[in-house]
Amino acid sequence: MTREEQVQRIVGRLADVVACDKCGTRLRFGDVECPHCGADVEEPLRRFAHTLADDLA
């Protein structure tokens with residue numbers, strides 16, 4: 001896969017919705033806790049990262 005194809009896939013994945021597991025609130029880039037319920041959002045962010053890494057492999 002070329003570098004440009006990787007960039008295209010990353011840009012496409014940035015449109016994916018990452019939501020809080022506890023209340024479903026959509027997370028913004030840079031959130032470390034849910035802005036609605038205060039839950040830790042590491043797990044949904046890790047799932048997003050794993051999906052992105054798999055897509056680039």
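View 1. Asp55 has a relative accessible area of 19%, so it counts as buried (buried means under 20% relative accessible area, exposed over 50%, and partly exposed in between, with a 1.4 Å probe and protein chains only). This is a predicted model, where local features need pLDDT of at least 70 and side-chain atom pairs count only at pLDDT 80 or more, while totals for chains, interfaces and linings use all residues. Residues are numbered from 1 along each chain as its sequence is written, and side-chain values use heavy atoms, with hydrogens and water left out.

**View 2. Arg9 meets Asp55.** These two side chains form a salt bridge, 3.2 Å from N to O (a side-chain nitrogen of Lys or Arg within 4 Å of a carboxyl oxygen of Asp or Glu). Arg9 sits in helix H1 (residues 3–13) and Asp55 in helix H2, so the pair ties together parts that are 46 residues apart in sequence. Helices here are DSSP runs of H or I with at least four residues, strands are runs of E with at least two, and both are numbered from the N terminus. Arg9 itself is partly exposed, at 37% relative accessibility.

**View 3. Arg13 joins in.** Arg13 also has a salt bridge with Asp55, and their closest N and O atoms are 3.5 Å apart. Since Arg13 belongs to helix H1 and Asp55 to helix H2, this pair ties together parts 42 residues apart in sequence. Arg13 is partly exposed, with 24% relative accessibility.

**View 4. Asp21 and Arg47, from loop to helix.** Here the salt bridge is 2.6 Å from N to O. Asp21 is in the loop between H1 and H2, and Arg47 is in helix H2, so the pair ties together parts that are 26 residues apart in sequence. Arg47 counts as partly exposed at 39% relative accessibility. Across the model, the salt-bridge count comes to five.

**View 5. The whole chain, for context.** The protein has two helices and zero strands. Its radius of gyration is 13 Å, well over the 10 Å that the globule rule gives for 57 residues, so the protein is more spread out than a compact globule. That radius is taken over C-alpha atoms, and the rule is 2.2 Å times the number of residues to the power 0.38. The C-alpha atoms fill a box of roughly 40 × 15 × 15 Å along the principal axes. Of the 57 residues, 18% count as buried.
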